[in-house]
Amino acid sequence: MGSVNEGSVLAEMLHHRAVGLAPGEPVALPLVSASMYFLPGVPDAPFQYGRSGGPTWSALEEALGILEQAEVIVFPSGMAAIQAVLMTRLSPGDRVLVPSDGYYNTRTLLKDFLAPLGIRYDLCATHDYADRDFGGYALVYVETPSNPALDVCDIADVAARAHAAGALVVVDNTTMTPLGQRPLDLGADLVVASDTKAPGGHSDALLGHVAARDGSLLDPVRRWRTVSGAIPGQLETWLVHRGLESLEVRFDRMCASAGVLAERLAGHAAVTGVAYPGLEAHPDRAVVRRQMLRCGSLVGVTLESARAAEAFIDGARFVVPTTSFGGTHTTAERRARWGDDVAEGFVRLSVGCEPVEALWADLVHALDAVC
C-alpha cells in the first residue's frame, strides 16, 4: 500500500477502537444517535451538537483515515463530498478541468450550479490528460479509471505538471478504494470517494468522504459540512464502519473474479469488446502496473447492440440490473441509457462476491442466448 505496509494498516484499521476499550465495553462500534450532548459551562467538549460531530462519525473517520493514511471527513454521499471540495476550493473566475468521460453528475454539478456562479470548467478525456496543458487552472480533477469506460491516466504525472502550473489536484478514487489505488501517495492533494460502493459494500447505505494529508485543505471542507448541513446519518455511518471490517476480503475476491471473468469474456462470440485495466490488451497497461495495486471489480463489456446488452443483463440469473456498483451482488447496466459516451451495447459489469465459476456459468448461459 504505497509507502506503508498494507497488512499492518488493515490490522490497525480493524483494531483501531480496541486500544482504548475498558473492560466490559463493546468490541463492535456502538451506534450513537444523538443530536444533543451534555455541555455545561465553556463549550470545549469534543462533541457539542449533532450537526458538527459525534462519536459514530469520528470512529468512521478514524478508520478511513488509517486506510488513507490521511485526515478524513465523511459526508452523506460521494456527491456531497465532491460538492464540498468544489465549493470550498473554487471562487468566481476560477477554471477547473474535469474528465469528459468520468461520472456524469460531477459535470452536472459544474454545468447547472457552479458555472452560473462564475466558475468556469473545461472537459478533457481521461486519455488526453497526458498531453493537456494545465496552465490557468485553479483545480485539476481526475477520475481514473474513468467511469464507465475504465480508461486510465498517470496520477503522478498529472499531479507533478498541475502543481508546476499552480493547480490543486483532486482525484475521485471511488472505483478503486485505498486498497486498489492510493492517489495521495502519487501526489494528489485531495481524494474524494463514494463509500456507498465497496467500502460499505452491502448496498444499504449512502456515504462519501474527503481525504487529505494537508489539514489546512480540509478546514473549509469541515466547516462547509457543518454550515451547509450536508451531514451523514448516524445509521449510515455505522453501517459503513461495519462494512470496512470486511472490505479487504470482499474487494480481493471481487477484483480476482473480475480478472478471471474479463479474460474469459474477451473470448466469447457475443462480446465485441472488453475493457478491464488488468488485461494485457488494455491500452494503459503500463500505467496500470505502475500506479494500481489491484485492477478493480468493474468490467466493461460491449455487445453488438442495445438489444443484445439488455437481453444479456435480463438473462443472467446472478446479475442484478441496477445503477450502482461495488456491492456483494454482481450488478450490471447499459450505461448509454444515461447518456455516457459509450457504445449502445456497452455494459458496466460490477463483479460481486459470488463464487466465480458459478457466476461464469451464469454469464455464459446469458451470452449464449444472445448469439
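Me: Hi! Which residue in β9 is the bridge partner of G273?
Reply: Hello! In this predicted model, G273 has T302 as its bridge partner in β9. Strand β8 (residues 271-275) pairs with β9 in the antiparallel sense, over four bridges.

Me: Nice. How many bridges are there between β9 and strand β12?
Reply: Five bridges, and β9 and β12 (residues 346-350) pair in the antiparallel sense too. For instance, G300 has R348 in β12 as its bridge partner.

Me: Why is β9 largely enclosed by the rest of the structure?
Reply: Six of the six residues of β9 (residues 298-303) are buried, so the strand is largely enclosed. Both faces are covered: L298, G300 and T302 are buried on one side, and V299, V301 and L303 on the other.

Me: Changing topic: how many salt bridges does a search of the whole structure find?
Reply: The search finds 20. One of them joins the side chains of R294 and D252, at 2.6 Å from N to O. R294 sits in the loop between α10 (285-291) and β9, while D252 is in helix α9 (residues 247-265), 42 residues apart.

Me: Is R294 buried or exposed?
Reply: R294 counts as buried, at 14% relative accessibility.

Me: Last one: where does Q234 lie, and what is it in contact with?
Reply: Q234 lies in helix α8 (residues 234-244). Leaving aside neighbours within four places in sequence, Q234 has contacts including L31, T56 and W57. Q234 is buried, with a relative accessible area of 13%.

Technical notes:
Residues are numbered from 1 along each chain as its sequence is written. This is a predicted model: local features need pLDDT of at least 70, side-chain atom pairs count only at pLDDT 80 or more; totals for chains, interfaces and linings use all residues. Side-chain values use heavy atoms; hydrogens and water are left out. Buried means under 20% relative accessible area, exposed over 50%, partly exposed in between (1.4 Å probe, protein chains only). Helices (H or I, at least four residues) and strands (E, at least two) are DSSP runs, numbered from the N terminus. Two strands pair if DSSP finds at least two bridges between them. Contact means heavy atoms within 4.5 Å. A salt bridge is a side-chain nitrogen of Lys or Arg within 4 Å of a carboxyl oxygen of Asp or Glu.
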